[in-house]
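Morning, everyone. Please look at the structure on the screen while I talk.

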Amino acid sequence: MDPASYVYIPASQEVDEKECRALLEEVGAALWITADGDEIPCATLLPTLWRGNTLTAHASGHNEQFARIDGEMPCRVVVQGPNSYISPRWLPSVQSSENGGAARGRAEGRGVGTWNYQQVQIAGMLRVHRDTDRLRDEMTTLAEDFDEKRITDGCPADAHRGPWTHDEAPTAYYEAMLHGVVGLELRVTEVKGRFKLGQNRTEQDRSGASAGLRERGRGQDLAVADAMDDATPLYEA
């Protein structure tokens, strides 16, 4: 029987598995977390692929988090999407007219800063393997997929370099690398996606927060603003 797992998610912020898979595809890497007995949990950020009901990754053979695993053990994998601070100054419903808001009566000032984000947590049972043939296939797929994505999503000025393929690496060098890593396989038992994007706020507040993020202008801010604009609100205007 698989271990119990718990992730707190308000119903209005929970997303389906399709959106969870899309977030990992976009982000590319995830935090693999394990705990051995009474020890403080260990965590390593690794490029990760999700195929079928399995997550795969690879880590350094010197990483003691995985080197000691024998058989299956519980593991949580966290995919962190864009995230950013949301200022109450951006919420018209709690701001006075002096601050450009439209608060009425007791609503004035009744707001605090918060954090909006997209995150996926995947629970499952982890196995470690050292099969060099399998590692060769997994590492090659991972590297070539990501390098192809660099061309697809990247700056057009980078396109002339073309995608990298493993054939460019000397065979002896590539084979030596395979002996220095371990493969990770997570049999997925639970997928939970939480996209906290102001779904519980009014249309006016959502628009205000999105505009504030765009004015701030960092990459994370713009990504969160886009996600907020696409999110389904809890209450219709």
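First, the ground rules. This is a predicted model, where local features need pLDDT of at least 70 and side-chain atom pairs count only at pLDDT 80 or more, while totals for chains, interfaces and linings use all residues. Residues are numbered from 1 along each chain as its sequence is written, and side-chain values use heavy atoms, with hydrogens and water left out.

Now the pocket. A pocket here is an open set of points on a 1 Å grid over the protein atoms alone, where a 1.4 Å probe fits, with protein on both sides within 12 Å along at least five of seven lines. The largest pocket has a volume of about 410 Å³. That volume is the space filled by probe spheres set on the points, which are joined across faces, edges and corners. Which residues lie nearest its centre? They are Glu19, Gln118, Phe195, Leu197 and Ala227, out of 23 lining residues. Lining means having an atom within 4 Å of a point. By class, the lining has 10 nonpolar, 8 polar and 5 charged residues. Asp, Glu, Lys and Arg count as charged; Ala, Val, Leu, Ile, Met, Phe, Trp, Tyr, Cys and Pro as nonpolar; the others, Gly among them, as polar.

Several elements supply at least two lining residues each: strand 1 (14–15), helix 1 (17–27), strand 6 (73–86) and helix 6 (219–230). Helices (H or I, at least four residues) and strands (E, at least two) are DSSP runs, numbered from the N terminus.

Let's stay on helix 1. Its buried residues are Cys20, Leu23 and Leu24. Buried means under 20% relative accessible area, exposed over 50%, partly exposed in between, with a 1.4 Å probe and protein chains only. Just after the helix, Gly28 takes a positive phi of about 95°.

Next, helix 5, residues 203–216, which holds Ser210. Ser210 counts as buried, at 5% relative accessibility. What does Ser210 contact, beyond neighbours within four places in sequence? It is in contact with Ala225, Met228 and Asp229. Contact means heavy atoms within 4.5 Å.

On to charges. There are 16 salt bridges in the structure. Each puts a side-chain nitrogen of Lys or Arg within 4 Å of a carboxyl oxygen of Asp or Glu. Take Arg150 and Asp147: their closest N and O atoms are 2.8 Å apart. Both sit in helix 3 (residues 132–153), 3 residues apart, about one turn. An α-helix has 3.6 residues a turn, so residues three or four places apart point the same way. Arg150 is partly exposed at 27%, while Asp147 is buried at 17%.

Another bridge joins Asp205 and Arg201, at 2.7 Å from N to O. Asp205 is buried at 1%; Arg201 is partly exposed at 27%. Glu72, Arg127 and Arg187 are linked in a network of salt bridges.

Last stop: Gln121, in strand 7 (residues 114–129). Gln121 is buried, at 17%. Not counting residues up to four places away, Gln121 touches Val7, Arg76, Val77, Val78, Glu190, Val191 and Lys192.
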